[in-house]
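I opened a notebook page for this model and wrote down what I looked up, entry by entry.

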Amino acid sequence: MENGSKLDSPTNISLLGSVAVPGMIEYKTVSVFLVLLICGLGIVGNMMVVLVVLTTRDMRTPTNCYLVSLALADLMVLVAAGLPNVSNSLAGRWIYGRAGCLGITYFQYLGINVSSCSITAFTVERYIAICHPMRAQTVCTVSRAKRIISGIWLVTSAYCMLWFFLVDINISKNQSLECGYKVSRNLYLPIYLLDFAIFFVTPLLVATILYGLIGRILFLTSLSSLPNHSSNCWWEKSTKERNPGGKAEGAKMSSSSRAKGVLSSRKQVTKMLVVVVVLFALLWTPYRTLVLVNSFVDHPYLDPWFILFCRICIYTNSAINPIIYNLMSQKFRAAFRRLCKCQKEGLQRRNMYLTTNSYSMVRESLQAKSQAQRRRRGQPQGNVEQESSADDPQVGGQEDGREEPYFSMV
């Protein structure tokens, strides 16, 4: 079988193939505008997620560590998959050479696969934290989360090195260069099915099962029967022993309100993560379905507008998570506001510093001019400051008819 082009092999998510597109100007305009808009918002949003977690102490939780890993993977997808799509659409051919073809394809799939693994990791972490709180005290820690994230990136990086042997520069039908696959569909099919099972089906199955168990614990059980409620019994008992009588009742009420606050916070975080998983499934389904169908038919479905729709869904999945965090998490929303406020205050301090320096320079210049004029009039130089105060009606308290110093006009 002949080597397929990047678009003929239906795994491509970022590069425009050599298929003739009716209304090429309209297609390029829509494609470039949407990709730039989504990628720009996604890059800024994911960078803000990384910054707020790294710079805010109370944001450094195990779950947020996995969200940082997800944000870095999404950044990689947007940069390696989205931006080359724009240049390829404008130039009409591949402009990055063979090294760019290998590297960009590698980083595309590295970001895609790491994002799937990060979603699976924070799903398992939430399940342990909510359903097994005693075990979570030793398992769900920031240091362990960092080790797991490092392992995910290392293993996935090694797995994705397979793409170095699957892609190369090809000549398309219209005699232009493109980054395409150099193996036949029969050889590529087992690789794709393995990728599909590990990085799409497995994360969704794990998420469906574990979030079902989490939902049963959080939303279908009473407060007294929650696993984390029993872990606080020792605190209530010791409080009663230390505060007999009326104080024990107040301590019990404080413990109950504390448990309710923890429950509400966990519900909020769980809802946010469920939305992230649901959007991951919905936005990746068009592309995965297209590839699955085209892998088994003789004539692949290669409608350019539908392929553009699949790509836009993938870029949206990588760009929308920071918006979800801002809408559904009070901590992220407050952290984003603090980050923007700090940047704004830094700019204001810089402008104030420049303004103060400019005013000082103008004031010194005007004082020098005033001294020069007084020397020409024969006035002594030692009493310049007293005469300046006497000349100023606002300082001296009375007006003597002489002209005001120059700096009073500033």
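**Salt bridges.** I began with Arg98 and Asp168, whose side chains meet in a salt bridge with N and O 3.1 Å apart; the term stands for a side-chain nitrogen of Lys or Arg within 4 Å of a carboxyl oxygen of Asp or Glu. Arg98 lies in helix H3 (residues 97–131) and Asp168 in strand S1 (residues 167–171), so the pair ties together parts that are 70 residues apart in sequence. I took helices (H or I, at least four residues) and strands (E, at least two) as DSSP runs, numbered from the N terminus. Arg98 is partly exposed, at 44% relative accessible area, on a scale where buried means under 20%, exposed over 50% and partly exposed in between, with a 1.4 Å probe and protein chains only.

I noted that the structure holds three salt bridges, and I went on to Arg288, which pairs with Asp195 at 3.6 Å between the closest N and O atoms. Arg288 belongs to helix H9 (residues 246–294) and Asp195 to helix H6 (residues 185–219), so this pair ties together parts that are 93 residues apart in sequence. Both Arg288 and Asp195 are buried.

I then looked up Arg126 and Glu125, whose side chains form a salt bridge at 3.2 Å, N to O. Arg126 counts as buried at 11% relative accessibility, and Glu125 is buried at 6%.

**Basis of the model.** I keep in mind that this is a predicted model, in which local features need pLDDT of at least 70 and side-chain atom pairs count only at pLDDT 80 or more, while totals for chains, interfaces and linings use all residues. Residues are numbered from 1 along each chain as its sequence is written, and side-chain values use heavy atoms, with hydrogens and water left out.

Where does Thr56 sit? I found Thr56 in the loop between helix H1 (24–55) and helix H2 (62–91), where it counts as buried at 14% relative accessibility. The side chain of Thr56 reaches the backbone oxygen of Val52 at 2.9 Å. In helix H6 I looked up Asn186, which is exposed at 62% relative accessible area. Asn186 and Ser295 are 109 residues apart in sequence, yet 8.8 Å apart in space, C-alpha to C-alpha.

**Surface.** I recorded a nonpolar surface patch of Phe33, Leu37 and Leu41, with about 320 Å² of accessible area together. Leu37, found in helix H1, is partly exposed at 42% relative accessible area. The accessible surface of the protein comes to about 21,900 Å², of which 63% belongs to carbon and sulfur atoms.

**Whole chain and confidence.** I counted 14 helices and two strands in the protein, and buried residues make up 46% of its 410 residues. The protein averages a pLDDT of 78, with 69% of the residues scoring at least 70; pLDDT is the predictor's confidence in each residue, from 0 to 100. Over residues 229–242 the pLDDT is below 50, and this stretch has eleven contacts in the model beyond near neighbours in sequence, a contact being heavy atoms within 4.5 Å. Residues 381–410 also have a pLDDT below 50, with 31 contacts beyond near neighbours in sequence. Where pLDDT is low, the predicted coordinates should not be read in detail.

Methods:
Polar contact = N/O pair within 3.5 Å; in protein donor to acceptor, adjacent residues only side chain to side chain. Patch = residues over 30% accessible without salt bridge, like charges linked within 9 Å, V, L, I, M, F, W, Y side chains within 5 Å. Areas by Shrake-Rupley, 256 points an atom, 1.4 Å probe, with all protein chains shown as cover.
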